[in-house]
Amino acid sequence: MTEEALSAAARPFGTTAEVLAHGLGGRTDLPLNGPAAIVGGGIAVAVSFVAVTQLWSKPWLDPEAGRRLPPFTDSTRLRAVLRVLVLVLALFVVAVAFLGPAGTGANLAPWVLYVTFWVGLVPASALLGPVWRVVNPLRTLHRLLPSRERPLPPWLGYWPAAGWLLAFVWLELVAPARADPRLVGAVIVGYAAVNLAASAVYGPAWFARGDGFEVYSTLIARLSPIGRRGDGALVLRNPLAGLVRADTEPGLAGVACVLVGSTAFDGLTRTTYWQAVPGSGGTLVATAGLAGSIAFVSALYAGAMRTSARVSGTGAALTGLFAPTLLPIALGYAVAHYFSFFLLEGQMPFRLAADPFGATGARVDYRLLAPEVVATVQINAIVLGHIASTAAAHDQALRLFPPRRARRGQVPVVIAMVLLTCTGLLLLLSG
């Protein structure tokens, strides 16, 4: 994203809100040799697979391992205080959305939703664990409502969360006037109403499967160095250990593919290739592009898993078992595309908080990050995300098959990883 585009987002708008600037796709000012970076990234993933298969002949990741953390880090009282604080902040943001200035550049709500919350949820969950499950204001409100607590249908799985996330990324990347504060307020209230109604039927278990943001946070938290063992103890662990738990619930792969595919589409929209498509600025074409990006990632993953099952000589369905190993890719894409966005436009909520119901004329300081820093973080995030995914998938394969069959079965997966790496870097570096 160019500085001019970012600056446009920081200017106060009129009553008709323009689009909030989003993410970093193609950059023409990064100090990189594009083709060399793309080829090098693909080679790095392939070489890492060869190294892993030669040095890693039995499962190494242990989801039950870890050093127990002090009791105060898991304090019930601290959790209660955080829940109340987040609920108050959420109600405040909704009030500002409806009662504050109509212009995006002067209203706190769009910046909090799209920057502080949506993008900030990634580093918070990756570093600290499933934070949104702990402080989710919908869980707090649910405690005040009657609930039947019927069991969730087994076939439902994570599909409601996948649907919510798909709807949100469409709002974030495609919908016109998506940064209109009044629309943001309506979205927050509508989302809360539907999920609270569902929780009144299915109880708090609904949030773990049906609340898209809680599921998003919980899945990213599988990569956190802070996790829980089977006995409930909070421990410091290997960040990849949470990816090898057996989890075959329906919709888990769908959630992962929505996250990877939507971030790839965000990168695609910043390239000259996309901008040359007739009608690319329209809602219909953009919706088709988003659907196509998610479908491409889904087809690539499903095809790799199907081929892997055939090559490894098993009739088992591997899609659900290996779905968590896609999460490092989702995290890598999120860091690559939103790292500078979060640090730059993330200044706005704090600047606007000084006068949330006024018009301060707040601006973003773009001198905070040098292009060299942005380039280094973006390239490494994508490549390391794919390498981590490859390593976790290999460890999971070793749990399911003998070493020789595991190595053979992972070849289609690695080919898919190399293709995704090169595609991600192409989208990132295309001007």
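Trainee: Which residues have the most contacts inside the largest nonpolar core?

Mentor: This is a predicted model. Its largest nonpolar core has 109 residues. Those with the most contacts inside that core are Trp 118, Tyr 216, Val 255, Tyr 301 and Phe 322.

Trainee: Leaving aside neighbours within four places in sequence, what is Tyr 301 in contact with?

Mentor: Tyr 301 is one of the residues with the most contacts inside the largest nonpolar core. With neighbours within four places in sequence left aside, its contacts are Ala 253, Cys 257, Leu 318, Thr 319, Phe 322, Ala 323 and Leu 326.

Trainee: Which helix gives the most to the lining of the largest pocket?

Mentor: The largest pocket has a volume of about 1,300 Å³. Its lining has 44 residues, and Val 86, Ala 90, Val 112, Phe 117 and Trp 132 are the closest to its centre. Several helices give two or more residues to this lining, including H3 (76-99), H4 (108-117) and H9 (181-202). The one that gives the most, with 10 residues, is H3.

Trainee: How many residues of the lining of the largest cavity are nonpolar?

Mentor: The largest cavity has a volume of about 130 Å³. It is lined by 15 residues, with Trp 118 and Tyr 216 among those nearest its centre. Of the lining residues, 1 is charged, 2 are polar, and the nonpolar ones number 12.

Trainee: Which helix supplies the largest share of the lining of the second largest cavity?

Mentor: The second largest cavity holds about 100 Å³ of space. Of its 14 lining residues, Tyr 301, Leu 326, Val 413, Ala 416 and Met 417 are the closest to the centre. Helices H14 (283-311), H18 (371-400) and H19 (403-429) each give two or more residues to that lining. The largest share, 5 residues, comes from H14.

Note on methods. Residues are numbered from 1 along each chain as its sequence is written. This is a predicted model: local features need pLDDT of at least 70, side-chain atom pairs count only at pLDDT 80 or more; totals for chains, interfaces and linings use all residues. Side-chain values use heavy atoms; hydrogens and water are left out. A nonpolar core is a set of buried Ala, Val, Leu, Ile, Met, Phe, Trp, Tyr and Cys residues joined through side-chain atoms within 4.5 Å. Buried means under 20% relative accessible area, exposed over 50%, partly exposed in between (1.4 Å probe, protein chains only). Contact means heavy atoms within 4.5 Å. On a 1 Å grid over the protein atoms alone, a cavity is a set of points where a 1.4 Å probe fits but cannot get out, and a pocket is an open set with protein on both sides within 12 Å along at least five of seven lines; lining residues have an atom within 4 Å of a point. Grid points are joined across faces, edges and corners, and a volume is the space filled by probe spheres set on the points. Helices (H or I, at least four residues) and strands (E, at least two) are DSSP runs, numbered from the N terminus. Ala, Val, Leu, Ile, Met, Phe, Trp, Tyr, Cys and Pro count as nonpolar, Asp, Glu, Lys and Arg as charged, and the others, Gly among them, as polar.
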